Amino acid sequence: MPRTPRPDPPAAAPARPGNLPHEVNRFVGRAAELAALPEALTAARLVTVTGAGGVGKSRFVAHAAARLPGPLCADGVWRAELASVRRPELVEYALTEALGLTDHTTRSPRQVLLDHLAGRTLVLVVDGFEHLVDACALLVRDLLGAAPGLRVVAAGRRPLALAGERLLPLAPLPAGAAAELFAERAAALLPGFRLDDGNRDDVHEVCRRLDGLPLAVELAVGRLRALSPGQLAERLDDRFRLLTGGGRDTPARHRTLRTAIGWSHELCTAQERLLWARLSVFSGSFDLEAAEYICGGDGLHADAILDVLQELIGQSVVSREETPAGVRYRMLDTVRAYGAEWLDGIGDTERMRRRHRDWYVGLATWCELDWFSPRQAEVAARTDGELPNLRAALEFCLNEPGETHLAQYLAGTLWFYWAGCGRLAEGRHWLEQSIELDTAGDGHPGGGHADSRLKALWVLGYVAILQGDTVPALAALQECREAAERTGNATALAYAVHRTGCLALVSDDMPRAELLLRDALTRYREIGELNSNVLMGQVELAMALAFRGELTQAVALCEDVRQVCEDHGERWTRAYALYVLAYARWTEGEPAAARRLLGECLTIDHEFRDLLGTVLAIELLALVTVAEGDAAEAAVLQGAAGGMWPSVGLRLFGSGHYNVPHERCEAQAREVLGDARFEELTRVGGLLDRDETVARALGGGPPASAVTLPRPARALPPDMREPAASPTANGGETTG
């Protein structure tokens, strides 16, 4: 039945966008600084909050940024945590990750940031940058220069030293606020605790000797399970005499913090100190299984890790957090650094880093296998949470002589994450580095680890295709194919042939695409290979056949893929099969069936943050919508898709075949609406973010306008069998 077209979306979303962490306990003190930050940001676009380690910079900037007035951050407040980033070139990736940007193009992460921020009014919080100050300063300078609506709040132990930077030094808490913090946290630890005449002097003495540093105060509170405030004050006095020191040029507050941490360290048992040191090898958060494997043995049995870890949590050395991947643990960077010094001191750093690397190579291997299972969403969340540790493992492999092949293996094994979860740029970074650092005798085909290099090569070719960078893609795939033929590696050869078929598909060479993809599928069957990649090859063959008008074969292939996916619980490839099936249903004049298929497809793509799958589904939904009679809604959806394509690559891959449905939708919508109204509605769609677009596309049945447009004929129109112009695409991603 005809339905009333939906109104245009509201001009503004009800909630401020951003990714600031939720506060789990009450913020104490800092009233003057909280008032000063918005004033400083109004006068200057870069404000750096400086102070000693443990003074509470991270908590302050997160709390203060959440309360900034709307005009300063109409497009939200976004926080990038750099403490776990170790390499300068990864700063850009960390910022794109913090902003939730998914980009499939060959643009550098810096260019992605520049393009995204150019027209927005937002505040970017950059926290923990001091170990990467040069790289961070250059990036912030470029971003501020290109994005007039951007304001940056940086938090670190030193300024960025940029022109126009305004400093907001954060001092330790005054006596009253420090005591209030102590009492607040103590009451959470020991219900019923409060400041009274019996403990007030002792609490103030503890806070005074800890110089009002919030981290030191909270570490001290962690000992209240065993000690009274009076005993704390006495023992702290002992620790000051024992642990004072450092050079004359070491700031007093740094010595005080070290004393507080060292005092907490000395109060730990030998096993707790050992675990503290070994946990310092983690980057970011970690889970219990990783801690048991990496940190167990040689004086600390794996079965004892949980109990010892629980004690460290009780002493505020380690924190526990709930994540989509389950319970994880984390150490503050200052606490981790202290443990790392002890690990160095006992000469165990290299061994622990190797164990860390081994665990994450094993984890990646398990995740690759489990990607083809009902646990696919769990694997995506797990890999996402482990990204800082996977980066650390990759860095170790690249920096250790003779271990480049392990970097190639690890980067290649993570293909599912790079391609399936929107991490193409970072994946390409690691793949290229591991291949470029390769030397004979390590990962070179002439050495003993040729298989790792071949896997890295075909994955690099795949990622480059998805980014629309066809020349490097072809070079990598040709090298992989030649080496695979020379060494007799049938698996690598099948993947090289498959991905070369992908390249032909997006380059509009359908006969070659069909030939190569059929060849690859035959090779997969011969070696017994079955996974998401193999099924994606079948979907890509179906797409090539659909473009040539062979719908019956295309549908049969995708129905087979859908059944296999259902049998194995696979959802990512299933979404692409649904897309091809929806394309076929629309071509046969069944828009309602096409919409149902696209709804499921879009839901899956959005869940996996697969930007390519999302935008392809939106494009086809626009075509379905105009066929159902709502040209206005189709224009909005086309505008929304248009806003996504710059982060994917060349619109519709520069492919004549992929572009025909888009052009038909636009032509029909313009005919009904007129050029001015069509352009107005596409601009409305272009203002929608990804979440809003998906919600709108999935929000109910198809509305219809007063004018009903003719449905396509059941046979594929001649102009969809062969494009009017078929340029060789310089970019784009396959349906996989």
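Strand E1 (residues 46–50) pairs with E5 in the parallel sense over five bridges, where two strands count as paired if DSSP finds at least two bridges between them, and helices (H or I, at least four residues) and strands (E, at least two) are DSSP runs numbered from the N terminus. Within this pairing, Leu 46 stands opposite Glu 165 in E5. The model is predicted, so that local features need pLDDT of at least 70 and side-chain atom pairs count only at pLDDT 80 or more, while totals for chains, interfaces and linings use all residues. Residues are numbered from 1 along each chain as its sequence is written, and side-chain values use heavy atoms, with hydrogens and water left out.

The open sheet is formed by five strands in the order E2-E3-E4-E1-E5, with parallel pairing. Strand E2 (77–81) and strand E5 (165–169) stand at the edges with a single partner strand each, so one side of each is left without a neighbour in the sheet. From one strand to the next the twist averages 20°. Helix H3 (residues 91–98) lies across E2 and strand E3 (122–127), running at about 140° to E2; here contact means heavy atoms within 4.5 Å, and axes are lines fitted to C-alpha atoms, for helices over the stretch in contact, with angles from 0 to 180 degrees between N-to-C directions.

Side chains of opposite charge can pair when their charged atoms come close. A salt bridge is a side-chain nitrogen of Lys or Arg within 4 Å of a carboxyl oxygen of Asp or Glu, and by this rule the count comes to 55 salt bridges. The table gives examples.

| Salt bridge | N to O distance |
|---|---|
| Glu 23 and Arg 59 | 3.2 Å |
| Glu 89 and Arg 87 | 2.8 Å |
| Glu 680 and Arg 677 | 3.2 Å |

The pair of Glu 23, in the segment before helix H1 (31–43), and Arg 59, in helix H2 (residues 57–65), links distant parts of the chain, 36 residues apart. Glu 680 and Arg 677, by contrast, are three residues apart in helix H32 (residues 675–686) and therefore separated by about one helical turn.

Buried means under 20% relative accessible area, exposed over 50%, and partly exposed in between (1.4 Å probe, protein chains only). Arg 596, found in helix H28 (residues 591–607), is exposed, with a relative accessible area of 59%.
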